[in-house]
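Colleague: Please take one part of this model and look at it closely. I want a single connected account, with the cut-offs stated as you go.

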Amino acid sequence: MEKKATDPRVLRTRQLIRDAFIELLEEMDVEKISVNRIAERATINRVTFYLHYRDIPDMMERMADEMIEEFEAILRTPSAVPASAEADWPMLVRLLEHIAGQAKFYKLVLASKRTPVFTDRLLKLLGQLVADKIESGGMAASLEKAGIQKEIAIWYGSSALIGTIVSWLRKDIPYTPQFLAGQFTLLRKHARQFDHL
């Protein structure tokens, strides 16, 4: 099975299927996409599709798994971007750079409401990133002292991150990843000022 997964022909066919799905997603709602349409666009037959995926939801689940694996690999890579006064989350910069580099794909799967599986998976990953930041930054004690439940702080932080990323994609990435990460850092540092809005 492992040999099959690494076979270049298998990888190429899966890429054709995914590319066809993304192209179709640009043109129509996910509910209107059929295996026939994907196979025709990918220039394969239906049987070939079913050799790789049970159905379209299975394909989307596996694509979301692969997206998260890519993100996790990026987050595990030691940072070449040092923490600075502007952005103290170098991992966030790397994640945003990756998203910007594949903007077409991420705009379709994250910035639309048509494929929630991708957003749900990213939200879970960002929740872990926020939780790690709370622990490594020594913020857990100050949250407790302020009467803020750590779990709620994680929900708040990860939702703010994903909402910012989605808006950034919907606006066609008007800011660099470094600038956006820096803005998030500044917002976090000045959050109390927004309490009066």
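Modeller: A nonpolar core here is a set of buried Ala, Val, Leu, Ile, Met, Phe, Trp, Tyr and Cys residues joined through side-chain atoms within 4.5 Å. Buried means under 20% relative accessible area; exposed means over 50%, and partly exposed lies in between (1.4 Å probe, protein chains only).

The model is predicted, so local features need pLDDT of at least 70 and side-chain atom pairs count only at pLDDT 80 or more, while totals for chains, interfaces and linings use all residues. Residues are numbered from 1 along each chain as its sequence is written, and side-chain values use heavy atoms, leaving out hydrogens and water.

First, the setting. The protein chain has 11 helices and zero strands. Helices are DSSP runs of H or I with at least four residues, strands are runs of E with at least two, and both are numbered from the N terminus. Of its 197 residues, 41% count as buried. The chain exposes about 11900 Å², with carbon and sulfur atoms supplying 56% of that. Such areas come from the Shrake-Rupley method with a 1.4 Å probe; for residues, only the protein chains shown count as cover. Contact means heavy atoms within 4.5 Å. Among contacts between residues at least 6 apart in sequence, 64% join residues at least 24 apart.

Now the core. The largest one holds 59 residues, and Phe21, Ile38, Met59, Phe71 and Phe118 touch the most other members. Elements giving two or more residues to this core include helix 2 (8-27), helix 5 (56-76), helix 10 (150-170) and helix 11 (177-189). Helix 5 gives the most, with 10 residues. In general, nonpolar side chains tend to be buried together in soluble globular proteins.

Met59 is among the buried residues of helix 5. Leaving aside residues up to four places away in sequence, Met59 touches Ile17, Phe21, Ile38, Phe49 and Tyr53. The cover over the buried part of helix 5 includes helix 2, helix 3, helix 4 (46-52), helix 6, helix 7 and helix 8.

Helix 10 has 21 residues and spans 30 Å from first C-alpha to last, close to the 30 Å expected. The expected span is 1.5 Å times one less than the number of residues. Helix 11 has 13 residues and reaches 18 Å, close to its expected 18 Å. Just after helix 10, Asp172 takes a positive phi of about 60°.

The two axes come within 12 Å and cross at roughly 145°. Axes are lines fitted to C-alpha atoms, for helices over the stretch in contact, and angles run from 0 to 180 degrees between N-to-C directions. The crossing is right-handed.

Which residues meet? Gly157, Ala160, Leu161, Thr164 and Trp168 in helix 10 meet Pro177, Leu180 and Phe184 in helix 11. Gly157, Leu161 and Trp168 are among the buried residues of helix 10. Pro177, Leu180 and Phe184 are among those buried in helix 11. Thr164 counts as partly exposed because its relative accessibility is 28%. Thr164 touches Leu180 and Phe184, not counting residues up to four places away in sequence. Thr164 and Leu180 sit 16 residues apart in sequence and 8.7 Å apart in space, C-alpha to C-alpha.

How values were computed:
A crossing is left-handed if the near helix is turned anticlockwise from the far one by less than a right angle, and right-handed if clockwise.
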